[in-house]
Each structure stands twice: as C-alpha cells, then as structure tokens.
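Please walk me through this structure in the viewer. Tell me what to select at each stop and what is there.

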Amino acid sequence: MTSLSATIQDVFNEPGCGKNQAKSEKERKKGCTKQLQPGAAAGGCAFDGAKIALQPITDVAHLVHGPIACEGNSWDNRGAYSSGSTLYRTGFTTDITENDIVFGGEKHLFKAIREVIEKYDPPAVFVYQTCVPAMIGDDIEAVCKAAAAKFSKPVVPIQSPGFVGPKNLGNKLAGEALLRHVIGTEEPPFTTPYDINIIGEYNLAGELWQVKPLLDELGIRILSCISGDAKYREVAWSHRARAAMMVCSKAMINVARKMEERYGIPFFEGSFYGIGDMSDSLREIARLLIERGADPELMDRTEAVIAREEARAWAGIAPFKPRLTGKKVLLITGGVKSWSVVAALQEAGMEIAGTSVKKSTKEDKEKIKALMGDDAHMIDDLTPREMYRKLKSAEADIMLSGGRSQFVALKAAMPWLDINQERHYAYAGYQGMVALVREIDKALSNPIWEQVRQPAPWETLGDDWRARALSLDPDEAAAVRAEGPRLQAVA
Amino acid sequence: MAERIRSSKACTVNPLKMSQPIGGALAFMGLRGCMPMLHGSQGCTSFGLVLFVRHFREAIPLQTTAMSEVATVLGGLENVEQAIVNIATRAKPEIIGICSTGVTETKGDDVDGFLKLIRERHPELDDIALVYVSTPDFKDAFQDGWAKCVTRIVEELVDAPAPGSVRDPARINVLAGCHLTPGDIDALRDLFEAFGLDPLFVPDLAGSLDGHIPNDFTPTTLGGAGVEEIRAMGSAAWTIAIGRQMHGAALSLEARTGVPFRLFDRLTGLAANDALVRFLMDITGRPAPRKVRRERGQLVDAMLDGHFQIGGKRVAIGAEPDLLLAIGSFLHEMGAEIAAAVTTTDSPILADVPAERVLIGDLEDLEAGAGDCDLLITHSHGRQAAARLHLPFFRMGLPMFDRLGAGHLVSVGYRGSRDLIFAIANLLMEHGHSADPESWREWPAAQADHQPGGSLQ
C-alpha cells in the first residue's frame, strides 16, 4: 500500500468522529464520502480542499506541481486575509507539459523549488501533488526531502491529488501533512498558561479578527491558528499550546485529535458563528485553560466579557426587529453554519422556512430540532426549480446560501445573501452576527425588489415566466416530484 | 515584427495562462441547450465553474465525469457513459460537449471510441448531439482549447450542402474568437444587421452569458447558436472569422461546405474596422448605413482627443495572443509604445504584435517588464502586480472577477474602439501627476526614467 492510500485509510478511520465510529469496519474502509455520480456531481476535489486548508498560512510559498489547470484556473480566488506577508497570494506552479509526462516531472519540480527559494526566500515551501504527476509516479516526497536537504529549508509535500476524493478529504490530507512534517518542528520563544490553538479557522474575510480582540482582552494568546493568518513558524510550534478549539465541523478533526494524543493538548469543537455559540466557545477555551493550570479567575473575566458582549450584540440586533419580524429565511449551506446562525435570526424576529442538512450530522439535526421546533423543514437536497418555488410561494423572503445557488434567487428577483467561503463580509463573533442581521435587512429592504419584479411594458401581470414556473403542468410537476426535493419534516 | 520568446523558468509564478479544457468548455457555452462537460476529476470542473461564475456573474452549466483514482487507472468508459445518460435524463440538452483533461489524456482514454460504443448501446440518445474535443491541460492554453472546440463543432455538426443547393446571400456565419465578450458579439450583430445581413455567431456567448433573465429554469445553456442552425451553416453566403485562432475552424468550414471566408485578425481600431465595413459594403452591395458613418466620425474624433493622453505612454500588456494583438496594435496606432508584451501560447499572430518581443510567460515576467511603464493591461490577476508597481491598471480579458460588467466590455467596432480610448485615456488622466515647485529643480536622471502616468507629452 502506498503511503498516500495508507494516509487516506488512516483518515477514514478517524476515532474522533462520532459518525465514523458508528460504522462497521467494512463501511469505514469505504470512507466517508458518497460515491460521486458522473454527470451529476458538484464540488471541489481533494487538492482544492488541501489548498483551502493550508493556503491561509501567509508566509509560505505554495507550489502546485501539476498542469496549468490546477493553479492557473484557481489562484487568488479565496478570501483568507493576512495581517503580514502576502506571499500566500502569489501563484506558484510547475505548469507541467508533455515532456514532463513522458520523462517525469521530478527534476522540473526540484528546479522550481530552487527558483522559488532563490527569488522569494520563504520560511518554507509547500508542494502540492496533483492528479497527473501522481499518475506518472512523480515521487514528490523524495524531491521535497532532497530539496530540503539541499536548501536547508523546510519543503513540505502535500499529498493531495484531486481524484482521491472531495474537498473535505483534502482538508484532512492537508492536516496529515502538517502533522507529519510541520507541527512540533520548532519551539516558541516563550509559552504562557494562556496559549491556545485554533484549528480549522481560515480567517475568511478577516473573521479571525472579529474574535481575536476578545481573546486579547482576556489575556489569551493564539499561539497558532491553523491556518488563518498564520505564519509557518507558528504552526511549527503549535504543539506547545495548552488547549485547542476545533472550528468548522470535522474538516480538521484529525489534527485536533492527534495533537491531543501526541502532545496532550485537549480540544473542544466550537463555533464563532452565532451569539450563543460564540459565548460557549469562549467559556470552553477558559475552562480548558483553567484545567491545564491557568488561574481560575479567568472564568470570571470571561463571563464578564460574555455578558458585556452579548448585551451589546442583542442591543445591536434589536433595532432591526420591527423590520425583520415575520420575515422567512431559507438557509442553504454546509452543515454547522446553518444552525449556528438560527438563534440570531430568530432573535431578530425572523422565521426559518427551511435549512439544509446535507452535510449535517445526526447531532446537528437534533440541534436544529431543538432550535426550530418540530415543524422544522430540513432539506436534504433542493433542485434549483424547487429552491425557486420555495422562495416564490412565500415560504421564504430571502435565501442565504453559497455562491453556486445565488442566481436561482437573483434571477427570480428574490433577495439573497452570500454566506459561503468566497463572501466578502465577515460574520463571526458578536459583531459579525449583528453585521449578518444588518446585511439581511439591507438586502430585504432594498427598493430594487419592487421595481425588478414589475412586468416589462410589453408584458401583462401574471403572464411572466415566474408565473409560468409556478403553474407547472401535471407532467412537469410529476417530473419535479421525481427528481426531488426531499423535504422531511422532523417527526 | 515581434520576436517570440518562451520563458525558460521551471516555476510559473502568478499564471497568466488558463487551461485548454475550460477554453473548450466556454466555447460549448456559446451553443443553445448545451451541457458542457469535462472528462476528468471533479476538481477540474469545479475550478472552471467558479472561475466563470466570478467572471460572468451567471449560473454556469458545466458537468464532470467525476473520475476517481481507480476509474482513471481503469479507463473512463463507464463514467463517460453514466455521465451522458445522467445529463440526458436530468438536463434534457440538445447537445453535450465533452472536453478531455490532463488526467484522462495521461491515461489515454479513447473518448471517440467510447462515444461510438455509447451510441450503439443507447439509441434513445440519438437526438442528442455529442461533440468531443481533446484538450489536455498539459498542452497549449485557453485560447487553443476554444479554437479546437470550434473546429470540432464545425467538423461534427455542419452538414455538407446538397448538390445544387443555393446559398442565401443575406446569411453569414461568424466564427468568434474567445477574446470577444458577449457585448462585442452584440455590437457586431448590430453592425451586420445594419447591412441587412442575418448573422449566425458560432459560438454565441451573447445568447447565453449576456446576463439576461431566462424564460424558465434550464440546467443547460440559456441561449446561443442552435444545433440545427449550425448544421445549416453551409447555406450561408460568407463566413467571417474574427481572431487568428478561428483560422482553423474557417478552413474546416470552407472545406466542408465551400462557403468562402474572410479572416479579420482584429476588429479594434480605425483601420481594422474600415476593412470590415469595406468588406460588408462589397458583399452586400450596400452603402454604409448612416449610423455606421456617424460612429466612424466619432472614433476619429476620439482618436484626436485621446492621443494626447495615450501617445508616448509605455504600456505593459498580458493577454492571450488575439487579444494582445487587438489591444496592442490599437494602442500602438494611438502612439503608445508596447514596452512589455506577455502571452500564454504560441500563435503566428504574435509576429504581428507591434512590440520588440513577445514573451510566452506569466505575470511575474510581465511585472518584471512593466517597472518603467505608465499602464498595465491584463486580466484581474494583474491587480497584485499593479498595486506593487503603483501603476494604473486596466482590466481586459478573462477572468475579470473584481469588476462588474466583464461580459459587456466592448472593444470592437468603431464605437467599441471609441469607448476603449475614453476608458484608457480617463484612467491615465486620473493617475497623472501634476507639477510642484520641485518638479523642475533637477533634470530627470535619464531619458528612459519614466514616471508612472508621467506628465502630458
């Protein structure tokens, strides 16, 4: 078994994941991802996932070994912010050609590493493996090892060819690379009893900075964020933290769990989205630090900050309440974020017309049920036509989703708000939740909706395409029923 | 004129180039009722899709055969078959356009062979056109993928005219290169229609990606050239090909149908558009419409007004060959100097670019050459270089993800050329430096030491 497939099996065998542990041995080997359906698949590959997870390390040169597609079509397209180096936004690729396919690309890769180091002198080079060099057998581990020895600099192989699986697997493979080659290789200049790691936070739109001031105020130091706004050395010495928070569901659970095993760093799973979740996360951080020897007075200060910030956040949301009361929201997004924001939306007076549970675990669903009550609409998968029908038949006034489905709402002249990774607004922490409510209000109250819904001078009201889409003939309606949606009211 | 040089670096830094398969896929997006699909791992499609969504701000139909590691090694017949059947059932397209990728080309999948087998096994798919084009990622660039795809569309779909059939003198075929925006295509359609012609654009992104509100939900492309219309291209009187990249497709179409073609390497600038209008007058026997005459006058006036700003400026351009030629030549005609020219792939047209040399390279090369320039022109990825060099930055090409209206930027025709002058000259004026008491205290260090956006010439 190659080292890559061994790593993948290891990742599939994640004991930290409750869902995984409920499976039989045989099922577990198959992995956690559904078999993709050719001609009906969407979503990124493992390489995409690995890049998302590691590119936020700002001072590293991220070198993609592959044909132009992998980097040329995708570089500088993610919204992770940096407070320092901008090297992570520079696109590096070997851009391999037919010659490399025939003769092998290892020498080419080695030369590329040399050029990067000579020109940019980064503290480390990360080399990402992609499908084509994986197929022709380029041994990037060996090349990285040779280059590291030759140039006296960490050169880290990331085994992430796209065809081994989806984005989520790529996140974990990226984590494995950090565990094998980076974490524990350097020592911090000093440590404190208040040092934590934040794992799985990418500082999209600067969201880490919505949280950091509160930690600063409490005297809690982010020793290392993996990987938002991180520097290479911070990740390398992250093994000296006293406690860790794992953000964003299960994407990097392997990193959190193995750091607990190897270095005795306890972790909890938390979220910065939503007022209650934010407070719980602060409490958990304080609790774990106190368990590890921090002064127990930390908890009192934490509670004081929580009380103050919650009051400010609710006060920030209150003015929107009269305008938003009774408005219905359709939340279509990956797992955790859905239920994290539900409480804030409800506090602003809004109702949840439905939420997606495609990526959510059973516990997530229980939480949704607890928050939204028994008549919660949990949507497994929605066809674009159904999304539109839900919006249009007044089941929802606004849709919150990722960029892919935005045009379903916009073309239907319905308000829409981006809550996925390419977005430009930061919604984390207390201020972030107020910002989210403000953005929803901005979208809903914009005067354009009334105008853009008017028929053209040559159309009559009720004869536009929207009306037609709603009055499907029986055949069409049957077809829509057959292809989905699968709406499930929780019993 | 220009010398062609290929960068000898092992590491491409800040790529200018994008890959062939998504160039091919975008060409398929100019066909009506089409579902383009990449035969490769799902990431190949996902990256292309995100890129186009960010550029056009439209829903993008693009599917994948979702090749796993095992499927890649064993061969992709089953994946291609399943994908076609799934798309046919779910999306009900008129045509499925398939582009290969680096993964499946390295394996050596014989997709033409697959399609024969699939045709035999699935007679129910007979009324769906299937066009396959080989576009390995590890060769050539976006523009080549587009060009190959259009050639394949012609070869696969166009009917040879029946003997003795008559050509319609009012109908023309227009083979449009990938440097034309939906807005460019609309502008040219207006021009041709003003001469009483009925043009069929292949591909026609104006029908599919111009941002219109569709009549209903359709998972395929919303508009563009229809398969039936393409089949009938042999009954047109003329073919107009725009951009040297369309030369191959034009030759192919002529060989198949006997329809003569005229190739226009570019349609930006006065002389280039005079050539087109003269040609249209010739083939229609009509005088130039009054609107066209007025627009020509306005372009001439814009050139007179704009040469103060543009003349003498040193410009750095990074673009695919045909766009580089169009913009570079026009600015050169306005008196600018193309001081740095970087492109993505080889093309005979590069010899005509009015620069000393054209480098097939990346944005790092362009940045290195643009240090003493007054203006940087490339796609949105140039924003980091422009910021570092403190240069005014004019975005052209694809992707353009940090500006609205990328699809409606018009740079062809008299009017498009006129507006391009205004846009560029305005940008230069905005970044111009005004004098202060110290400006003339010392002589400039060297004649070549130009300040960005330097004083009026």
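**Stop 1: chain A as a whole**

Keep in mind that this is a predicted model. Chain A has 491 residues, and 49% of them are buried. Now think about contacts along the chain. Among those in chain A with a separation of 6 or more, 74% join residues 24 or more positions apart.

**Stop 2: helix H4 of chain A**

Select residues 46-54 of chain A, which form helix H4. How many of its residues are buried? The count is 9 of the 9, so H4 is largely enclosed by the rest of the structure. Show the side chains and step along the helix.

**Stop 3: helices H11 and H15 of chain A**

Select residues 208-218 of chain A for H11 and residues 297-317 of chain A for H15. Their axes come within 10 Å and cross at roughly 140°. Angles over 145 degrees would count as roughly antiparallel. H11(A) and H15(A) are therefore oblique to each other. Their crossing is right-handed.

Next, show the residues that make the contact. On H11(A), pick Leu214(A), Glu217(A) and Leu218(A). On H15(A), pick Leu298(A), Arg301(A), Thr302(A), Val305(A) and Glu309(A). Colour the contact by class: 4 residues are nonpolar, 1 is polar and 3 are charged.

**Stop 4: where chain A touches chain B**

Show both chains. Here 55 residues of chain A are in contact with 55 residues of chain B. Which helix gives the most to chain A's side? Select residues 106-120 of chain A: this is helix H7, and it gives 5 residues. Then colour chain A's side by class. There are 27 nonpolar, 16 polar and 12 charged residues.

**Stop 5: the domains of chain B**

Domain 1 covers 3-10 + 294-430. Domain 2 covers 20-140, and domain 3 covers 168-289.

Focus on domains 1 and 2 of chain B. Their centres, taken over C-alpha atoms, are separated by 33 Å. In their contact, 7 residues of domain 1 meet 5 residues of domain 2. Finish on the domain 1 side of chain B: 5 of its residues there are nonpolar, 2 are polar and none is charged.

How values were computed
Residues numbered from 1 in each chain as written. Chains lettered and ligands numbered in written order. Predicted model: local features only at pLDDT ≥ 70, side-chain atom pairs only at ≥ 80, totals over all residues. Axes fitted to C-alpha atoms, helices over the stretch in contact; angles between N-to-C directions. Helix = DSSP H or I, 4+ residues; strand = E, 2+ residues; numbered from the N terminus. Parallel < 35°, antiparallel > 145°, perpendicular 65-115°, else oblique. Left-handed = near helix turned anticlockwise from the far one by under 90°. Contact = placed C-beta atoms within 7 Å. Nonpolar A, V, L, I, M, F, W, Y, C, P; charged D, E, K, R; others polar. Domains from an automatic or database assignment. Buried ≥ 20, exposed ≤ 12 C-beta atoms within 10 Å, placed from the backbone.
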